[in-house]
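Please look through the structure shown here, and then work through the questions that follow.

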Amino acid sequence: MIAFLYRAALFAALLYCMAAAGAPGTVLDPGYGAPQYEPPAPGSYQLPPLGIATDGKVLNDLGEQLALQDLIGDKLVLLGFIYTHCSDVNGCPLATFVMKKVQDRLVEDADLAQQVRLISLSFDPVQDTPAALLDYAGNFRRKDFDWQFLTTASEADLLPILEGYDQWRQREYDKDGNYTGNISHILRLFLIDRQGRIRNIYSSGFLDADTVVNDLRTLAIESQAASGS
Amino acid sequence: MRWIFLLVALAANQWAFADETCMSPYMAKITGQEDFVYVWTLGVEGVGDEQDKLVTVDVNPKSANYGKVVSSLSVGGRNEAHHSDFTDDRRYLWASTLDTSKIFIFDIHTDPAKPVLHKTISDFVARSGGVVGPHTSLALPGRMMLTGLSNNRDHGGRTALVEYTNAGDYIVTHWMPTDDNLQGAVKSGQYADGYGYDVRVLPRKNLMVTSSFTGWNNYMMNLGVLMADPEAMKAFGNTVVVWDLHARQPEKILDVPGAPLELRCAWGEARNYCFTTTALTSKVWLIYEDAKGEWQSQAVGDIGDAAKIPLPVDISITADDSRLWVNTWNDGMTRLYDISDPHNAKQIYSKKIGEQVNMVSQSWDGKRVYYTSSLLANWDKQEPAGPDLQYLKVYDFDGKELKETMSIDFLAAKLGAPHQMRFGAYALYGDKTASR
C-alpha cells in the first residue's frame, strides 16, 4: 500500500511537471519544454553505428524471463534506464516523460509506430519487481503500444547490462553505510536499429521527442532503402 | 542522487551558475569546492623525466595535502600535450597531443586523487582518414567530439572533426567546409579555409560552432622563425563555422579574421551567443543569433594593443554571462571584460600573472581562478628563469581583485610545462568515495 501511494504521488508529481513545463519560474530541464529549433528532416543526415547493443537476462512486467536481444532486431528500439522511486523530477521522471512524448508522437504515425518498441529498463532489481513495473507502466503506457517495462532478477543479471551500455550507476549510502534508496546515474537513452546496433545516444536533459522521432524515421527510411522497397 | 542533482544544476539552472570554466553542457559540474586540479603537462628537455604527464594537485584548503602534487603520471615521451576534457559521465579524462596525435584516456573516477592510464589511442591519424593534431575533446552523450588542427597530406590547417565513442572507438570524421567543398554550407564572407581549433555546442538551439587556428607546420615551428616568415603567417584560420549539431551539417561560414581560438557560449536560456578571441588581431568576437534567426559574427571589443601582439589565448565566461576572463599570453596578463552588453565588451580589470599566461579555469562560483603558463613547446618563453615562467597559480577573486593563494613552479618541481587544467571532486562519485 505504501509503495502504491508512493508511486501515485510520484505520478502526480510528474503530471505536475508536465503541466508546469514552460511556466514562469519553474526550474525544469529543457527536455520538458518545447524545442527552440526545427529538427533536421528525416533521411537528410547519417546516424553512424556506435557499437552493438548488449544482451542480458531480463524480466518483463509479467515476470517472464527474456533475453534482452529477444526484444531487439525485429523493430527499432528506444531504450532508457530508470528506477521507479526516483524522486528527482529531472532524473528518471524526465526520461519517462520523454518516452511518453515519443509514444504520443508515434500514435499519430501508425506505420512508424508498428516499427518501434520502447524499453524502460530498471536500475534497481530489488525495489522494481515486475509487479511494481506493471503498476508504474499503467501510468504511462497506452494499452495498444509496444512499450516494455523491464527489470532483472538480480544485481548479477543487471551489472553486465549496465557495463555493456556504459551506463554508470551508483547506489548512495548514508554515513552509517545504509542504502538511502537513491541511485546516482547519468541520464541516457539509446536508439537501436534492427541489426542490434546503437545508432544514437541521447542525454535526456536536452532530449526533444520530435528529434528522436525523426531519427526513428531516418532509420526506417534506411531500412526501406536497404530492402529495396 | 547527488549526481542527479549536479545534472539538474547543469541542465535546469544554467542561468544560475558559473560554467566551471568551459565544460560541456551535457556534463555534471562541481558545484562546491573542487578537490583536485588535473594539469596536462608537457615534458621539457632537462626537466625531471622529460615526459608528458598528468599532474594532480590537491586544491582543497581543508585537505592535509592542500597545495601539493599528489600524483604525477608520465605517459612516455613528448607528444606536444595540449588540451584535455572529460567524458559526459565525467569518469574519464581524454588528453590529446598535437605532435604525435596520440590520445591518452585516464580513469579519474576510481580514485580521483590518483588517475591511472586507461587506454591510449595511437592510430588517430589513420582511423580518422588523415586528421592530425587532436585538440578539443568535447563530451557529447556517450561520445567525444574531437577537433583536429591539421592533416597528414600537407600538414597545413585544413582539418576535421572526429567522433569517438566513450570507449575510445572511432565513429566518423566530418571535414571542415572549404572553398573546394562547401558541403552545403553558406560562405558568408571572404573565407572558407577549412581550418579547425575549438568546438562548443548549444543543444537547446541545435547549434555546434567551431573555430580555426593553424596547422602542424606552424604550431610545431619556433615562434620567432614563424613570425619572421610572411608566407607561414598567412596560414592561419579566419573562420568560425556554425553547424547543425544533430545532423553534423555545416550551415554557415563566418569571417572572423586572425585565428579565432577558444569558444565559450553563454549559459542563459535566452542568450543565444558565444564568444571567441582572435590571436593575431587581438579582438573579442561575438557569434550571435540575430532577430531573424541568422547566425552572425561581430567584433565587439579590443584586447590590449594589437600592434604589440599580446596574443589572446584562453578565455572563460562567468556564471551570469556578465564577465569574460581573457588571457594574453605574450604579456602574461589576465584581463576581465564586462560583457553585460555582449555587443560591447569592455575591459574592467587586469593583472599580470607571469612572464607568460595561457589557460584560465574558474570554479563553479567564480571565486577561485586558476592559471597555467604554457602555450606550445616551441613557442614558450625560455627566460627569465624563475617561478613566473612555467607555473600553476591559484587566486581568490572577490569580484574586484585577484589574490594569490597557491602556486607551484613546475620547472622547479621537475614536472614540465603546465597546460590545460580540469577539476576533480570526490563528490562526483558518491559518498563512499568521499569518505576515503
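**Strands, surface and a disulfide**

In this predicted model, chain A has six helices and nine strands.

Q: Which strands of chain A are the edge strands of the open sheet of five strands?
A: The open sheet in chain A runs in the order β5-β4-β3-β8-β9, with mixed pairing. An edge strand pairs on one side only, and this holds for two strands of chain A, which are β5 (147-150) and β9 (198-203).

Q: In β4(A), what is the bridge partner of Ile82(A)?
A: Strand β3 of chain A covers residues 76-82 and strand β4 of chain A covers residues 116-122, and the two pair in the parallel sense over seven bridges. Within this pairing, the residue of β4(A) that bridges to Ile82(A) is Ser122(A).

Q: What percentage of the 229 residues in chain A do buried residues make up?
A: A residue counts as buried when its relative accessible area is under 20%. By this cut-off, the buried part of the 229 residues in chain A is 55%.

Q: Are Cys265(B) and Cys274(B), which a disulfide joins, buried or exposed?
A: A disulfide is a covalent bond between the sulfur atoms of two cysteines. Here the link runs from Cys265(B) to Cys274(B), with an S to S distance of 2.2 Å, and it is right-handed, with 85° about the S-S bond. Because buried means under 20% relative accessible area, Cys265(B) at 9% relative accessibility and Cys274(B) at 0% both count as buried.

Note on methods: Residues numbered from 1 in each chain as written. Chains lettered and ligands numbered in written order. Predicted model: local features only at pLDDT ≥ 70, side-chain atom pairs only at ≥ 80, totals over all residues. Heavy atoms only, no water. Pairing = 2+ DSSP bridges. Helix = DSSP H or I, 4+ residues; strand = E, 2+ residues; numbered from the N terminus. Buried < 20%, exposed > 50% of the residue type's maximum accessible area, 1.4 Å probe, protein only. Disulfide = S-S within 2.5 Å.
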